[in-house]
Amino acid sequence: SNVRCVFESVSNGLRADHGEDGKENKFILELQDLLTTVNNNLRDVENAVSNLTPPPGAFSLGNTTYLGQETTQERQALYGQLVNSYKWTDKIREYSALAGNILATNSFNKTYKTFSTTKRRKTQTSNHNVSPEVIENLITSIDRLFPDVTITANRPFLPNPVIQACLGRVLKAIIAFKGLMIEWVVVKALSESNDLWAESRYKVFRKVTENCHAAMCHFHSPMMPELAVRSFMHWFHSYNTLFSAPCKRCGNHLLGNLPPTWRDLRTLEPYHE
Ligand SMILES: [Zn+2]
């Protein structure tokens, strides 16, 4: 190396190849050359170092860092997993924010706007993890909105309540909420059980159940979950004429022994399927 050359030169002192004339000067010049090389190399290293970006420090997650100082092996491993999952959720949040922005610019305006003008709510940060009071308020307000819909809940004030909505004396729907979102609907005759997972034994109510699922997906709106539920209930309410309104297309009450089981999502007009 260059540094070794310098010290070799110094330790050897004057050598025979320096000759006799001005040998001290030649020796000093040689030494200066060697030192310049060392200096240049050193400057290169310094430049290279200053161009480096400092590596990120150890990932710290508050007090959980102390998990790394646990005595048992398995608990020490926990911190690594914790950091990994933290990075994961961080990425998910980033991606979902991006996706949310993209989706927001392409909104479909599926839900009924008439409701949004009456009450402007700030966007919920989470739709499926809200306090039971918020859901309870929503359900009570829907109950007041439609006088012929009777809503009963077996166990109110739950985070994910299951309610029974009786539509006059026509039918009843068992609706399962996931936070502010409708997760499952089953429509049955009033005399049937409130079992969420058993479908009606009547074909007409099985048809309506299928259509409710379609509407549930149609009205679903992550940005305005309450509006989505209201819009769904508004649509659902139009089934109070299930057995009395004639089909808008053919004008008949029955087609294949079934009443018009479909309700238009916008106009709420009855149609046969
Ligand atoms: Zn028809």
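Q: Which residue in E3 does isoleucine 163 stand opposite?
A: In a regular strand the side chains alternate between the two faces of the sheet. Here, isoleucine 163 stands opposite isoleucine 175 in E3. The model is predicted, with local features requiring pLDDT of at least 70 and side-chain atom pairs pLDDT 80 or more, while totals for chains, interfaces and linings use all residues. Residues are numbered from 1 along each chain as its sequence is written, and side-chain values use heavy atoms, without hydrogens and water.

Q: How many bridges pair E2 with strand E3?
A: Two strands pair if DSSP finds at least two bridges between them; strands (E, at least two residues) and helices (H or I, at least four) are DSSP runs numbered from the N terminus. E2 and E3 (residues 171–178) are antiparallel and share six bridges. Their hairpin has three residues between the strands, and glycine 168 there has a positive phi near 55°.

Q: What joins strand E1 to strand E2?
A: Five bridges connect E1 (residues 149–153) with E2 (residues 162–167), again antiparallel. Threonine 150 has cysteine 166 in E2 as its bridge partner.

Q: Which protein donors does the zinc ion have?
A: Donors are N, O and S atoms within 2.8 Å of the metal (3.2 Å for Na, K and Ca); water is not among the atoms, so sites may look incomplete. For the zinc ion they are Cys247 (SG), Cys250 (SG) and His272 (ND1), 2.0 to 2.3 Å away. Their spacing along the chain is C-x2-C-x21-H.

Q: Is histidine 272 buried or exposed?
A: Buried means under 20% relative accessible area, exposed over 50%, and partly exposed in between (1.4 Å probe, protein chains only). Histidine 272 counts as buried because its relative accessibility is 7%. Cysteine 250, at 38%, counts as partly exposed.
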